[in-house]
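Trainee: I would like to learn how to read a structure like this one. Please take me through it feature by feature.

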Amino acid sequence: MRTVAVVGTGLIGTSAALALTRRGLHVHLEDADPDAARTAASLGAGTTETPDGPVDLAIIAVPPALVGKVLADCQRRGLARWYTDVASVKSGPRAEVTALGCDTVHYIGSHPMAGRERSGPLAARADLFEGRPWVLTPTPDTDTETLNAALELVALCGAMPIVMDAAAHDRAVALVSHAPQLFSSLVAARLEHADETAVRLSGQGVRDVTRIAASNPAMWVDILSANAGVVADILEELAADLGDTVTALRALQTADEGERRSGAAGIEAVMRRGNAGQARIPGKHGAPPTRYETVAVVLGDQPGELGRLFGEVGALGVNIEDVAIEHSSGQQVGFVQLSVAPAAVKRLTVALREHGWSVRD
Ligand SMILES: NC(=O)c1ccc[n+]([C@@H]2O[C@H](COP(=O)([O-])OP(=O)(O)OC[C@H]3O[C@@H](n4cnc5c(N)ncnc54)[C@H](O)[C@@H]3O)[C@@H](O)[C@H]2O)c1
């Protein structure tokens, strides 16, 4: 594959274009908004010139509802030998592609499982897809060359291909992305009119749960419109669980000992089911989840502190598996939570304390 056209030079299109340009491919950029294509080109993502003849692969990176229409138009123009789209939902665009009578032999749906809260070419990054899953949804129509072109695209972007059926993909993303997005937004919405004093108490828990509530509403209306039924099914199940949880909490407030016990059992059951679900989320590099333990170190908010800490941990021969920083509101300190192998916790804690670090118990 040598030449590519990216149609829709927003976050995803420009990120793919940047990755491909860096790998030496010739990338042509188009967008309904000429400024977006020009901006992508100015970032080094390719050229806004029209290709002389058909390119090898066209990547359609427009909102899900427009994939069918844009694909039909590109195929009418003979833009490429093979086509793919990157929409976050697959069944709706697929149905539209079929309804519009597009060539489905040389088209394959795809979805890179990477993104950001921001959209547009300026948010793009060449390494956005590095190490991320990239789902491909071939159908019996898809020919092998088309699948191979998509596999090459995924490899060039440093991602990992996962072949799935479109409907299974949509159920999966509803569970791991779309429903969590709505829950994050709903939790964050409780803060909209909360007292300033209450909001100032925000700790790491609420920050973690609401991080994706900063997402672009218009983009999510598009995504959820294309997967509304499946997401509604999951939210209905969640609503039933919420109802049970409210009942359990109310039972905890009663004077009756038996009811209080049943309330506590209900809450414990929710927490245990949550533990079990959370433990299934793949760990680093997609490996099976590993139980790391956390060593929390208090750090002054000043230049060089993190580097000094990481240097000391490295010198002790301990691998930092993950890191999270919790900021203290109102004080110039933070808590750095280092995830390390359980066997390293004691040694690391003792050694860091000996070197003057404040390690929390
Ligand atoms: N943002 C994410 O996190 C994410 C992740 C994976 C996949 N996706 C999918 O990638 C696609 C693009 O999303 P994005 O985040 O890059 O959005 P974006 O808003 O950053 O970019 C979309 C671009 O498409 C252009 N466009 C709209 N209609 C067009 C048309 N008819 N012809 C040509 N260009 C057109 C817009 O002008 C815009 O520049 C969507 O289908 C989305 O579902 C998004």
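Mentor: Start with the core. The largest nonpolar core has 34 residues. Val-4, Leu-20, Ile-59, Phe-129 and Trp-134 make the most contacts inside it. A nonpolar core is a set of buried Ala, Val, Leu, Ile, Met, Phe, Trp, Tyr and Cys residues joined through side-chain atoms within 4.5 Å. Buried means under 20% relative accessible area, exposed over 50%, and partly exposed in between (1.4 Å probe, protein chains only).

Trainee: Which elements give two or more residues to this core?

Mentor: They are strands E1 (3–7), E2 (26–30), E3 (55–60) and E6 (133–137), with helices H1 (11–22) and H5 (144–156). H1 gives the largest share, 6 residues. Helices (H or I, at least four residues) and strands (E, at least two) are DSSP runs, numbered from the N terminus. As a general idea, nonpolar side chains tend to be buried together in soluble globular proteins.

Trainee: What does Leu-20 touch?

Mentor: Leu-20 touches Val-4, Leu-25, Val-27, Ile-59, Leu-153, Leu-156 and Cys-157, leaving aside residues up to four places away in sequence. Contact means heavy atoms within 4.5 Å. There is also a second, separate core of 18 residues, with Val-70, Leu-79, Ala-80 and Cys-102 among them.

Trainee: Before we go on, what are the ground rules?

Mentor: This is a predicted model: local features need pLDDT of at least 70, side-chain atom pairs count only at pLDDT 80 or more, and totals for chains, interfaces and linings use all residues. Residues are numbered from 1 along each chain as its sequence is written, and side-chain values use heavy atoms, with hydrogens and water left out.

Trainee: Which residues are the closest to the ligand?

Mentor: Count a residue as near a molecule if one of its heavy atoms lies within 4 Å of it. Here 26 residues surround the ligand, and the closest are Ile-12, Asp-31, Val-62, Ser-88 and Gly-120. They divide into 16 nonpolar, 7 polar and 3 charged.

Trainee: Which atoms of Ser-88 and Gly-120 lie by an oxygen atom of the ligand?

Mentor: For Ser-88, a side-chain N or O atom is 2.7 Å from a ligand oxygen. For Gly-120, a backbone N or O atom is 2.7 Å from a ligand oxygen. A backbone N or O atom of Ala-32 lies 3.1 Å from a ligand nitrogen. The protein covers 82% of the 840 Å² of accessible area that the ligand has on its own. Accessible areas come from the Shrake-Rupley method with a 1.4 Å probe; for residues, only the protein chains shown count as cover.

Trainee: Is Ser-110 buried or exposed?

Mentor: Buried, with a relative accessible area of 1%. Ser-110 is in strand E5. Its contacts include Thr-84, Lys-90 and Trp-134. The side chain of Ser-110 makes a polar contact with that of Thr-84 (3.3 Å). A polar contact is a pair of N or O atoms within 3.5 Å; within protein, one must be able to donate a hydrogen and the other to accept it, and residues adjacent in sequence count only if both atoms are side-chain atoms.

Trainee: What covers the buried residues of H3?

Mentor: The cover includes E1, E3, strand E4 (80–85), helix H4 (91–99) and E5.

Conventions
Nonpolar A, V, L, I, M, F, W, Y, C, P; charged D, E, K, R; others polar.
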